[in-house]
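Please walk me through the side-chain contacts in this protein model.

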Amino acid sequence: MMKLLCGFTLLLAIAVAYYIYIPLPRTISEPWKLMVLDATFRGVVMMGDVAHSLGLSHRVHVINSAIVNFESLVPITNQEIQIEDILFDGVHVRVYQPPGQGGKLRRAVMFIHGGGWALGAPKLGSYDSLCRQMAADLDAVVVTVDYRMAPDVHFPVQYEECVQAAKHFLRPDVLTKYSVNPERVAVCGDSAGGNLAAAVAQRIGTDNTTTVKFKLQVLVYPVLQALDFNTASYQQNQNVPILYRRLMARFWLEYLGADLNLVHSLMINNHTAQDQSLMSLIRSKLDWTTLLPKRLIKHYKPVFPVTGSLSILKDIPALLDTRAAPLLAEDEVLRMAPRAYIMTSEHDVLRDDGMMYARRLELAGVSVTNEHYEDGFHGCVSFGFWPCYFSVGIRGVQNYIAWLAKHL
């Protein structure tokens with residue numbers, strides 16, 4: 001009996017190790033911890049897929065429910081920060097304020113959470129901890145936007161709600177209500193939130209009806225285009241957790257309300273093949289062979305089929321919409337954007353999105369700080385808090401808050 005139990009335990013241990021282990025780059029931060037984190041997330045995604053295939057619930061709702069339940073376990077930090085859940089022009093937001101205003105005007109940060117426009121709990125867990133830390137360390141008013149997400153809504157709803165909240169917050173009377181200095185307001189976001197933050201910054205920068213503008217934009221490993229899923233970083237990191245190339249393509253299709261069966265077509269760039277006439281005027285805006293430094297290009301080559309699926313860009317016009325893909329904005333729009341801090345991670349499929357945007361902003365005359373983490377991976381900032389405490393995430397949070405403290 002004991003031998004049977006030992007044998008079963010050994011087989012179970014081998015099976016668990018086989019499931020958890022994936023080959024990772026040598027330079028990535030704390031690889032074994034990342035493997036466990038990724039195995040957990042993959043398990044939740046599989047549960048979502050099973051529930052979806054059985055017609056029990058949408059896969060995204062299952063994944064988000066698991067995320068909310070987990071984030072609810074995270075202890076609340078900086079409890080002295082005062083919070084207010086309120087509507088800004090019909091959009092749900094949470095306002096964080098340090099105690100003891102003392103009659104002085106404060107700086108402010110509008111934060112937009114990531115999660116592929118579909119996942120995330122901005123008022124719980126790591127995002128709540130991050131906003132509380134920004135409010136405490138910067139002595140700032142922090143507003144986090146609780147925009148509605150896919151699959152309940154699709155583009156451009158997420159974008160428009162963030163614009164509505166931003167325009168409301170930037171109204172002089174609202175800034176006065178929260179004792180905010182109108183010359184010291186920043187917009188910030190991570191991943192899909194970085195996408196929304198960049199798009200909102202472009203909109204506010206060119207909006208003549210908004211008298212108060214953002215002074216700064218902070219984009220943490222932002223996703224900025226869906227026309228090339230074979231940039232150098234997509235090729236290099238397509239199987240690096242936690243954001244695999246296939247998952248990013250799914251997020252895009254879900255966000256744009258498109259057919260998820262097109263995932264493979266997007267992954268091989270069938271939608272941007274050489275016979276796509278719609279691409280002729282915009283290829284230079286995401287030409288990573290000229291926008292990236294050679295050290296990042298390495299041995300990778302562009303992947304654009306000679307012929308592709310002519311219908312994809314026509315059926316999903318939002319792929320070419322700068323509100324969804326800020327990297328495609330014209331130079332005159334970029335020139336109106338605020339000074340930028342862009343964080344990128346070496347082991348992230350979205351590395352080149354951020355790098356290309358940084359370069360395009362620089363070419364348009366915008367001051368850019370590009371903080372690159374050689375040991376970073378996608379999502380690492382969110383995992384700089386309990387219970388993960390990834391060292392690269394802790395450094396990332398500290399460094400971008402320090403940059404805000406200096407420049408805002």
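## Salt bridges between helices and loops

Arg59 forms a salt bridge with Asp49, and their closest N and O atoms are 2.9 Å apart. A salt bridge here is a side-chain nitrogen of Lys or Arg within 4 Å of a carboxyl oxygen of Asp or Glu. Arg59 lies in helix H3 (residues 59-71) and Asp49 in helix H2 (residues 31-53), so the pair ties together parts that are 10 residues apart in sequence. Helices (H or I, at least four residues) and strands (E, at least two) are DSSP runs, numbered from the N terminus. Arg59 is buried, with a relative accessible area of 16%. Asp49 is partly exposed, at 24%. Buried means under 20% relative accessible area, exposed means over 50%, and partly exposed is in between (1.4 Å probe, protein chains only).

This is a predicted model: local features need pLDDT of at least 70, side-chain atom pairs count only at pLDDT 80 or more, and totals for chains, interfaces and linings use all residues. Residues are numbered from 1 along each chain as its sequence is written, and side-chain values use heavy atoms, with hydrogens and water left out.

Lys167 lies in helix H5 (residues 157-169), and Asp207 lies in the loop between helix H7 (192-206) and strand S6 (216-220), so the pair ties together parts that are 40 residues apart in sequence. Lys167 is partly exposed, with a relative accessible area of 28%. Asp207 is buried, at 10%.

Glu362 and Arg359 make a salt bridge of 3.4 Å, N to O. Both sit in helix H15 (residues 351-363), 3 residues apart, or about one turn of the helix. Glu362 is partly exposed at 37% relative accessibility. Arg359 is partly exposed too, at 35%. Elsewhere, salt bridges that share partners join Asp85, Arg94, Lys123, Asp128, Arg132 and Asp146 into one network. The count comes to 25 salt bridges.

## Aromatic pairs

The structure holds 13 aromatic pairs. Rings of Phe, Tyr and Trp (its six-membered ring) pair if their centres lie within 6.5 Å; planes under 30 degrees apart count as stacked, over 60 as edge-to-face and the rest as tilted. Take Phe111 and Tyr127: their ring centres are 5.7 Å apart and their planes are at 50 degrees, so the pair is tilted. Phe111 is in strand S3 (residues 106-112) and Tyr127 is in helix H4 (residues 125-138), 16 residues apart. Both Phe111 and Tyr127 are buried.

Tyr341 and Trp403 have ring centres 5.2 Å apart and planes at 45 degrees, so this pair is tilted. The pair links distant parts of the chain: Tyr341 in strand S7 (residues 339-347) and Trp403 in helix H16 (residues 391-407), 62 residues apart. Tyr341 is buried, with a relative accessible area of 0%. Trp403 counts as buried at 7%. Trp117, Phe155, Trp252 and Tyr255 form one aromatic cluster.

## Charges over rings

A charge sits over a ring if NZ of Lys or CZ of Arg is within 6 Å of the ring centre and within 35 degrees of the ring normal. The charged end of Lys33 sits over the ring of Phe390, 5.0 Å from its centre. Arg283 lies over the face of Phe304, at 4.9 Å from the ring centre.
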